[in-house]
Amino acid sequence: MARQFAGGSVAVRRIALIPAAGVGERFGADRPKQYVSLAGQSVLAHTLTLFEHHPQIDAVAVVISPQDTWFDGEIQTASFAKLRVLRNGGASRAETVSNGLAALSASGAVAEQDCVLVHDAARCCLPRSALDRLLAAVGDGGCAILALPVADTLKRSADGSMIDETVSRRTLWQAQTPQAAPAGLLRRALAAADAAQMTDEASALEAAGAAVKLVMGDSRNLKLTLPQDEYIVRLLLAHPSEDES
């Protein structure tokens with residue numbers, strides 16, 4: 001379902017790239033958290049399904065570790081017509097995304113102008129409406145992320161036990177995923193970034209001088225990180241909203 005730039009002939013594809021090479025130590029399960037079973041299937045399967053079923057997503061790529069022993073037993077690849085599995089995940093998120101982009105580019109599966117949407121494997125409750133907003137905002141070019149205005153009062157503490165000051169939340173946003181950018185721009189931004197300091201793709205794009213739009217996210221787009229998150233994610237999966245059902 002390639003789109004074209006207005007007045008031009010360059011086809012633009014929209015490709016979801018799911019880095020899934022992490023081990024999820026903070027979650028404390030007996031397996032990487034993306035393979036924890038919730039509502040009848042793994043977290044990763046739920047996430048892949050979100051993009052598989054969206055009509056504006058042309059392809060889905062999941063990047064797993066070369067040492068991954070869980071994927072083949074947990075993911076029924078025959079159920080995903082758009083899916084490409086890349087087994088070249090790295091030691092960091094930046095390396096995993098970079099390796100995935102390199103593999104897609106080498107095989108011709110992604111072009112410089114194609115829109116790549118990087119999404120956390122552990123955000124398996126992304127509402128369709130939020131993804132629609134992001135796709136509308138990014139159009140056929142540019143960069144954008146889902147994000148929420150910070151709602152809680154923020155405190156700064158140097159020692160982790162005593163409050164030093166209250167931080168104004170007026171201009172602060174909490175980043176979510178997907179984070180979208182043209183493939184070529186994202187690849188160059190990641191190559192120039194300090195992988196150890198990069199916590200999301202937007203930070204690499206910002207450092208490269210790219211303009212990144214903020215698109216209103218959704219509180220249901222929760223990242224499964226800590227054990228207590230599982231209860232909320234189970235509820236969301238068991239009771240999808242009207243725009244997901």
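A nonpolar core here is a set of buried Ala, Val, Leu, Ile, Met, Phe, Trp, Tyr and Cys residues joined through side-chain atoms within 4.5 Å; buried means under 20% relative accessible area, with a 1.4 Å probe and protein chains only. The model is predicted: local features need pLDDT of at least 70, side-chain atom pairs count only at pLDDT 80 or more, and totals for chains, interfaces and linings use all residues. Residues are numbered from 1 along each chain as its sequence is written, and side-chain values use heavy atoms, leaving out hydrogens and water.

The largest nonpolar core has 29 residues. Within this core, Ile18, Leu44, Leu48 and Val62 have the most contacts. Helix α4 (128–138) gives the most to the core, with five residues. Helices and strands are DSSP runs, H or I of at least four residues and E of at least two, numbered from the N terminus.

Contact means heavy atoms within 4.5 Å. Neighbours within four places in sequence aside, Leu48 is in contact with Ile18, Val60, Val62, Ile75, Phe80 and Leu83. Apart from this core lies another, of 23 residues, including Ala61 and Ala189.

I turn now to helix α3, residues 93–106. Which of its residues are buried? They are Ala94, Thr96, Val97, Gly100, Leu101 and Leu104. These lie on the same side of α3, because they cover an arc of only 165° around the axis, taken from the directions from the helix axis to the C-beta atoms. Among the elements they pack against are β3 (14–19), β6 (59–63) and α5 (183–192). Just after α3, Gly108 takes a positive phi of about 80°.

Terms used:
Expected span 1.5 Å × (residues − 1). Buried < 20%, exposed > 50% of the residue type's maximum accessible area, 1.4 Å probe, protein only.
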